[in-house]
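Colleague: Let's zoom in on one part of this model. Pick a single stretch and walk me through what it is packed against and what lies around it.

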Amino acid sequence: MRTDPTDVPGTTGKGETRVSVCLASYRGGRYIREQLESILAQLGPDDELVIVDDASPDDTVEHIRTFHDGRIRLIEAAVNQGYVRSFEQAALASKGQYILLADQDDVWVPGRLELMLGALQTSRVVASNFDVLGDGPRPNIPRLRGGDSRRHAANILGILVGYRAYYGCGMGFRRDMLSVFTPVPRYVNESHDLWLAICGNLAGSMRHLDESTLLRRIHDDNATPRSWRSLPVILRARIMLLRCIGQAWSRLRRPS
């Protein structure tokens with residue numbers, strides 16, 4: 001059943017896809033129904049939810065198929081490719097003017113769509129804050145501040161140091177950033193969200209939302225690590241991020 005159009009910015013012409021929510025699923029059978037319900041409740045008839053399931057061995061796909069909603073497009077990967085490639089595949093398959101990323105085990109807060117699309121009217125990339133489902137402890141990293149949106153150099157430095165809370169589940173971008181975001185460099189096997197944040201900041205078009213637009217579920221199966229990493233792993237990650245900065249800079253300066 002289709003819902004009535006949501007009164008949000010970013011209306012497109014009749015028949016055009018307005019919003020594409022891109023979700024990567026893997027072993028999400030326990031939580032994915034609640035997340036899909038929270039997303040679909042905010043989408044209008046000209047929006048879509050693109051799900052790439054990464055060869056889940058559990059009942060994730062069965063849960064998805066119980067939603068008889070024409071706005072859902074399910075793509076099933078033949079073999080496990082990792083969540084970065086699944087998000088990339090979903091983004092490339094999307095048709096919307098605005099592309100929002102979503103994790104399988106979170107819950108969207110009512111009003112998220114309006115806030116995200118409002119920000120994307122003036123910025124090419126948006127990142128919001130989140131709260132933890134059940135009022136649990138947040139990751140030990142400062143919340144994003146709207147006042148830092150245009151401090152692009154400081155944001156890049158924050159990414160390198162590790163104190164900018166760019167989480168993919170709270171991010172979105174306009175279609176004109178798709179050719180910068182994709183193809184995701186092959187050496188990026190994690191932190192697609194930091195890659196997107198680097199692209200947005202180097203483009204000089206990043207918006208931070210002070211509001212929390214989703215509830216994030218923290219559990220042992222999260223893709224984002226919860227414990228401290230070893231020094232060699234940290235160093236490899238920083239080298240990867242430096243390569244990302246060079247790659248994004250090159251893409252943003254190529255002829256359009």
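Modeller: In helix 5, the buried residues are His152, Ala154, Asn155, Ile156, Gly158 and Ile159. "Buried" is under 20% relative accessible area, "exposed" is over 50%, and "partly exposed" is in between, with a 1.4 Å probe and protein chains only. Helices (H or I, at least four residues) and strands (E, at least two) are DSSP runs, numbered from the N terminus. Keep in mind that this is a predicted model, where local features need pLDDT of at least 70 and side-chain atom pairs count only at pLDDT 80 or more, while totals for chains, interfaces and linings use all residues. Residues are numbered from 1 along each chain as its sequence is written, and side-chain values use heavy atoms, with hydrogens and water left out.

Now the end of helix 5. Just after the helix, Gly162 has a positive phi of about 100°. Tyr163 is in the loop that leads from helix 5 (152-161) to strand 7 (171-174), and it counts as partly exposed because its relative accessibility is 34%. Together with Leu157 and Val161, Tyr163 makes a nonpolar surface patch of about 270 Å². Patches take residues with over 30% relative accessible area and no salt bridge, joining like charges within 9 Å and nonpolar side chains (Val, Leu, Ile, Met, Phe, Trp, Tyr) within 5 Å. The areas come from the Shrake-Rupley method with a 1.4 Å probe; for residues, only the protein chains shown count as cover.

Arg145, Asp148, Arg151 and Arg164 are linked in a network of salt bridges, each being a side-chain nitrogen of Lys or Arg within 4 Å of a carboxyl oxygen of Asp or Glu. In the Asp148 to Arg151 bridge, the closest N and O atoms are 3.1 Å apart. Asp148 counts as buried, at 6% relative accessibility, whereas Arg151, at 43%, counts as partly exposed.
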